[in-house]
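Me: I have a structure open and would like to go through it slowly with you. Could you take my questions as they come?

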Amino acid sequence: MTIKTFFINQEKTASVKAYLPDSIAGLQFCEKRPGVVIFPGGSYEFCSDREGEPIALQYLARGYAAFVVTYTCNARFPASLTDAAYTFYKVRMRAEEFHIDPQKLAVLGCSAGGHLAGCLATMWNDAALLKTLGCENEELRPNAAILCYPVISGVTAPHEGSFKVLLGEDASRSDLSRLSLENRVTPKTPPIFIWHTANDDCVSAHNSLVMAKACISNKIPVELHMFDEGPHGLATCDKATGWNEMFISDSCHRWIKLSAEFLEKYMNV
């Protein structure tokens, strides 16, 4: 394994840590790996270490190159999305350097990071974003998205803290609706895998339900796993990220294997 770190803005408030599997001569799979770009959660106030490297290592063990993004926090929209989009674009453009297949590149996010990953999955062809980055729209489209207990809606059971950071205290309903991802899904949205716990008392599971419903309405491949119980921020659901026994769940831990199978199917891994 090789680890590389690089900044993604001049202010050096955003960076990427790349976890790259070693290539093995003669094995076709190892010459061009699939990749996953990971956005940790933290209410858009910080990037949780628990939802970065531990998750990256799970995918690394499955043959993926993994890129953990520390994006700009405590900033109004679209600062974090600009970081996310620029990172995704640069990773795809540097595919040869990273030994990845540029058309087998997924995004993954937890909590507010799930909203950020979902933004990229649903807003990749936004004209303002494309103009800012100076790229073509297809270059920003993820091949799949994995949303872990995600913040989705600003109007249906919203996580108010995340939207206050993005839009301020006095955000209008129209602004909240604009950043509600269930309203941004189109037939061009990539396949989406979602998981949540039904009794999440921080980010309501209704967020995942409305996103899945939007995908169904637009005939987007979607897989939703609603586990019966577990606290918010489960990450890998094991001792590697568990604060205590409540955060260790063999049942919920299955999301990693299930999501990998989803990517195998829809990215032809």
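Me: Which residues make the nonpolar surface patch of about 260 Å²?
Reply: The patch of about 260 Å² is made by M1, I3 and L57. A patch here consists of residues with over 30% relative accessible area and no salt bridge, where like charges are joined within 9 Å and nonpolar side chains (Val, Leu, Ile, Met, Phe, Trp, Tyr) within 5 Å. The areas come from the Shrake-Rupley method with a 1.4 Å probe, and for residues only the protein chains shown count as cover.

Me: What kind of model is this, and how are residues numbered?
Reply: This is a predicted model, in which local features need pLDDT of at least 70 and side-chain atom pairs count only at pLDDT 80 or more, while totals for chains, interfaces and linings use all residues. Residues are numbered from 1 along each chain as its sequence is written, and side-chain values use heavy atoms, with hydrogens and water left out.

Me: Where is L57, and how exposed is it?
Reply: L57 sits in helix α2 (residues 53-60), and its relative accessible area of 37% makes L57 partly exposed. Buried means under 20% relative accessible area, exposed means over 50%, and partly exposed is in between (1.4 Å probe, protein chains only). Helices (H or I, at least four residues) and strands (E, at least two) are DSSP runs, numbered from the N terminus.

Me: How many helices and strands are there?
Reply: The protein chain has ten helices and eight strands.

Me: What about the overall size?
Reply: The C-alpha trace spans about 55 × 45 × 35 Å along its principal axes. For 269 residues a compact globule would have a radius of gyration near 18 Å, and the 17 Å of the protein chain agrees with that. This radius is taken over C-alpha atoms, and the globule rule is 2.2 Å times the number of residues to the power 0.38.

Me: What share of the residues counts as buried?
Reply: Of the 269 residues, 55% count as buried.

Me: Which residues have the most contacts inside the largest nonpolar core?
Reply: They are F39, F67 and L140, in a core of 59 residues. Helix α5 (residues 112-123) gives the most to this core, with seven residues. A nonpolar core is a set of buried Ala, Val, Leu, Ile, Met, Phe, Trp, Tyr and Cys residues joined through side-chain atoms within 4.5 Å. There is also a second, separate core of 31 residues, which includes Y19, C237, L263 and M267.

Me: Going back to L140, what is it in contact with?
Reply: Leaving aside neighbours within four places in sequence, the contacts of L140 include F88, Y89, L120 and W124. Contact means heavy atoms within 4.5 Å.

Me: Which residues of helix α7 are buried, and what do they pack against?
Reply: In helix α7 (residues 160-167) the buried residues are S162, F163, V165, L166 and L167, and they pack against α3 (79-93), α5 and α8 (173-178). Just after α7, G168 takes a positive phi of about 90°.

Me: New topic: how many salt bridges does a search of the whole structure find?
Reply: The search finds six, where a salt bridge is a side-chain nitrogen of Lys or Arg within 4 Å of a carboxyl oxygen of Asp or Glu. In one of them the side chains of K17 and E53 meet at 3.7 Å, N to O. K17 lies in strand β2 (residues 15-20) and E53 in helix α2, so this pair ties together parts that are 36 residues apart in sequence.

Me: Are K17 and E53 buried, partly exposed or exposed?
Reply: K17 is partly exposed, with a relative accessible area of 32%, and E53 also counts as partly exposed, at 34%.

Me: How far apart are E261 and K257 along helix α10?
Reply: E261 and K257 are four residues apart in helix α10 (residues 250-266), and are therefore separated by about one helical turn. Their side chains meet in a salt bridge of 2.5 Å, N to O. Elsewhere, salt bridges that share partners join K4, R94 and E97 into one network.

Me: Last one: is F98 buried or exposed, and what does it touch?
Reply: F98, which is found in helix α4 (residues 95-98), counts as buried at 2% relative accessibility. Not counting residues up to four places away in sequence, F98 touches K4, F6, L20, F67 and V91.
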